[in-house]
Amino acid sequence: GFSSCLLSNNQLPRVEPFADVVGAEFIEDAHKPSRKNYLAACNRMGTSVEQTIFIGDQLFTDVYGAKRCGMRNILVKPMNPREKRRLEWIVLHFYKKNLRQHSENK
């Protein structure tokens with residue numbers, strides 16, 4: 001069995017309808033990347049940090065917050081490709097470049 005909990009910085013009117021459709025627990029106005037609500041989400045799902053994987057599309061809120069808790073995480077591409085996150089793009093560009101260089105030197 002899997003559990004899910006949506007952790008969103010959006011307000012209740014935006015989060016609740018989506019959570020209802022997908023049948024998930026949710027925490028609105030989560031103040032990510034604050035650790036508090038990542039841990040509250042684990043509590044709602046009845047999981048530990050070690051049993052939880054966080055999936056998010058923002059490097060500086062989603063992934064950073066999960067890492068602060070010691071939670072495994074997956075960064076996915078944003079649903080809207082027109083959304084501009086310039087600083088995030090720069091960081092990911094150099095991260096991928098470093099990975100390529102590292103794999104070529106093996």
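Pro-33 sits in the loop that runs between strand 2 (25-27) and helix 2. Helices (H or I, at least four residues) and strands (E, at least two) are DSSP runs, numbered from the N terminus. This is a predicted model, in which local features need pLDDT of at least 70, side-chain atom pairs count only at pLDDT 80 or more, and totals for chains, interfaces and linings use all residues. Residues are numbered from 1 along each chain as its sequence is written, and side-chain values use heavy atoms, with hydrogens and water left out.

The peptide bond from Lys-32 to Pro-33 is cis, and its omega is near 15 degrees. Neither is a glycine: Asp-29 has a phi of about 50 degrees, and His-31 has one of about 55 degrees. Most residues other than glycine have a negative phi, and most peptide bonds are trans.

How open are these places? Buried means under 20% relative accessible area, exposed means over 50%, and partly exposed lies in between (1.4 Å probe, protein chains only).

| Residue | Relative accessible area | Class |
|---|---|---|
| Asp-29 | 32% | partly exposed |
| His-31 | 52% | exposed |
| Cys-5 | 15% | buried |
| Cys-42 | 4% | buried |

**Asn-10**

Asn-10 lies in another stretch, the loop between strand 1 and helix 1 (12-22). Its relative accessibility is 35%, so Asn-10 counts as partly exposed. Contact means heavy atoms within 4.5 Å. Neighbours within four places in sequence aside, Asn-10 is in contact with Val-15, Glu-28 and Asp-29. Asn-105 lies 43 Å from Asn-10, C-alpha to C-alpha, and 95 residues away in sequence.

**One aromatic pair**

Rings of Phe, Tyr and Trp (its six-membered ring) pair if their centres lie within 6.5 Å; planes under 30 degrees apart count as stacked, over 60 as edge-to-face and the rest as tilted. The count by this rule is one aromatic pair. Its members are Tyr-38 and Phe-54, with ring centres 5.0 Å apart and planes at 50 degrees, so the pair is tilted. Tyr-38 belongs to helix 2 (residues 35-45) and Phe-54 to strand 3 (residues 53-56), so the pair ties together parts 16 residues apart in sequence. Both Tyr-38 and Phe-54 are buried.

Leaving aside neighbours within four places in sequence, its contacts include Leu-7, Lys-32, Pro-33, Thr-61 and Met-71.

**The nonpolar core**

A nonpolar core is a set of buried Ala, Val, Leu, Ile, Met, Phe, Trp, Tyr and Cys residues joined through side-chain atoms within 4.5 Å. The largest one has 13 residues; Cys-5, Leu-7, Ile-27, Tyr-38, Phe-54, Ala-66 and Met-71 touch the most other members. Strand 1 (5-7), helix 2 and helix 3 (59-69) are the elements that give two or more residues to this core. Helix 2 gives the most, with four residues. In soluble globular proteins, nonpolar side chains tend to be buried together.

**Cysteines without bonds**

How many disulfides are there? A disulfide is a pair of cysteine sulfur atoms within 2.5 Å, and the count by this rule is zero. For Cys-5, the closest cysteine sulfur is in Cys-42, 8.7 Å away, which is too far for a bond. Cys-42 is in no disulfide either, as its nearest cysteine sulfur, that of Cys-69, is 7.3 Å away.
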